[in-house]
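Me: I would like to go through this model term by term. For each label, please set the value against its definition.

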Amino acid sequence: MKNFDVNLLRVLAVLLEERSVTAAASRLYLSQSAVSKQLAKLRETFDDPLFERQSKGLLPTPKALSLAPSIHEILRQIDQLAIPSKFEPEKSQRTFTFDLVETAYTVTYSRFMPSLLKQAPGISINSRTWRDESLNRLLRREIDFGIGIFEWDERAKSHYLNIPDELNYAELVRDYSVCLMRKGHPALQEEWNIDTFLKYRHLEVTIGGISGWLLKEVLDIERKQLDSAVNMSDVQSAVKLCEQSDLLMCYPFSAVKALNMDANLVVKPLPIKLEPGGYALLWHRHFDNDPSHKWLRELIIGLASDEVILRNT
């Protein structure tokens, strides 16, 4: 290990995450040949192949997998040395990156952004819609924060307990879904129960790749399903269609209130018992002691956190 180049560890860390020379080269802003040469040096240093080629990329050897925890800890400690001990928000020009579900803009950004812009006028926020790979982007530290939807219901796949250990989180808004229908909808003349709810066709709104959330999972468990007539990603258009048809639409209550969706619609509780979940701010533990990162997350948690009052009617 004499004269070992610590930058090789970064290459190995990225290769372990990407399992591909091409993808690793893209993330490291290097050529594929450069990454291949560094991989050769790593193999010589550790006296192990480290990766075996297969049809779908690289398969780490047991040696490579055993090195992963130590490598991440070493790189974390090295990165900590470069972090300024003091953060002055009024002088910062830092850009923070977020992945978040669309509904989180309304219930979180409007609360903390005005204060952020006042205290740190030079800071920029770069946002992207939450996708299936957002958790992995957080784990790879490609983004600073994520704001996703997680559940407390034990039947949910997206349960808070399933958030990876490498990530920290803070619950921002406790929320639950409601059912929207037009005024004069025939369902209003019937007893509001699960049979009435499933009797009518539904308009599904996909939020950042998320469709149905806990509701669909619970219905699947009970071997029931919605009669979905249309799936849309634009909520404003979905609301208009809901107003002009007999389609039922389920949506988070916090967003319904924030966007005043209930002005021309009737809001009904879901006729099925679900534990409320909500929005969570997530970040990698690597950033715990980063002063600028800590400043922003404390601002968000302090101003965006607000438990929604749950209704039973």
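Reply: Helices (H or I, at least four residues) and strands (E, at least two) are DSSP runs, numbered from the N terminus. Leu50, for example, lies in the loop between H3 and strand E1 (51-54). The model is predicted: local features need pLDDT of at least 70, side-chain atom pairs count only at pLDDT 80 or more, and totals for chains, interfaces and linings use all residues. Residues are numbered from 1 along each chain as its sequence is written, and side-chain values use heavy atoms, with hydrogens and water left out.

Me: How many helices and strands does the protein chain have?
Reply: The protein chain has eleven helices and twelve strands. Its C-alpha trace spans about 80 × 50 × 30 Å along the principal axes.

Me: What is the phi of Leu50, and what is that of Tyr29?
Reply: Most residues other than glycine have a negative phi. Leu50 has a positive phi of about 70° although it is not a glycine. Tyr29, also not a glycine, has a positive phi of about 55° and lies in the loop between H2 and H3. Arg223, which follows H8, has a positive phi near 60°.

Me: What makes H2 and H3 roughly perpendicular?
Reply: Axes are lines fitted to C-alpha atoms, for helices over the stretch in contact, and angles run from 0 to 180 degrees between N-to-C directions. Angles under 35 degrees count as roughly parallel, over 145 as roughly antiparallel, 65 to 115 as roughly perpendicular and the rest as oblique. The axes of H2 (residues 21-28) and H3 (residues 32-46) cross at roughly 105° and come within 9 Å, so the two helices are roughly perpendicular to each other. Contact means heavy atoms within 4.5 Å. The contact is made by Val21, Thr22, Ala25 and Leu28 of H2 with Gln32, Val35 and Ser36 of H3.

Me: How do you know that H1 and H3 are roughly perpendicular too?
Reply: Helix H1 (residues 7-18) packs against H3 at an angle of about 105°, with the axes 10 Å apart. That pair is therefore also roughly perpendicular. Leu8, Leu9, Val11, Leu12 and Leu15 in H1 meet Val35, Gln38, Leu39, Lys41, Leu42 and Phe46 in H3. Ala, Val, Leu, Ile, Met, Phe, Trp, Tyr, Cys and Pro count as nonpolar, Asp, Glu, Lys and Arg as charged, and the others, Gly among them, as polar. The residues of this H1 and H3 contact divide into nine nonpolar, one polar and one charged.

Me: What makes E4 and E6 edge strands?
Reply: Two strands pair if DSSP finds at least two bridges between them. The open sheet has five strands in the order E4-E3-E5-E12-E6, with mixed pairing. E4 (124-129) and E6 (167-175) each have a single partner strand, so one side of each is left without a neighbour in the sheet. The twist averages 25° from one strand to the next. E3 (residues 95-100) and E4 pair in the parallel sense over six bridges; Leu100 has Thr129 in E4 as its bridge partner.

Me: Which strands does H5 lie across?
Reply: H5 (residues 102-119) lies across E3, E4, E5 (145-150), E6 and E12 (277-284), running at about 175° to E4. H11 (residues 291-304) also lies across E3, E4, E5, E6 and E12, at about 170° to E12.

Me: How do you know that the span of H11 agrees with its number of residues?
Reply: The expected span of a helix is 1.5 Å times one less than its number of residues. The 14 residues of H11 should span 20 Å, and its end C-alpha atoms are 20 Å apart, so the two agree. The buried residues of H11 include Trp295, Leu296, Leu299 and Ile300, and what covers the buried residues includes H5, E3 and E12.

Me: What is Lys183 in contact with, leaving aside its neighbours within four places in sequence?
Reply: Lys183 is then in contact with Ala263, Asn264, Leu265 and Val266. Lys183 and Leu265 are 82 residues apart in sequence and 5.5 Å apart in space, C-alpha to C-alpha.

Conventions:
Buried < 20%, exposed > 50% of the residue type's maximum accessible area, 1.4 Å probe, protein only.
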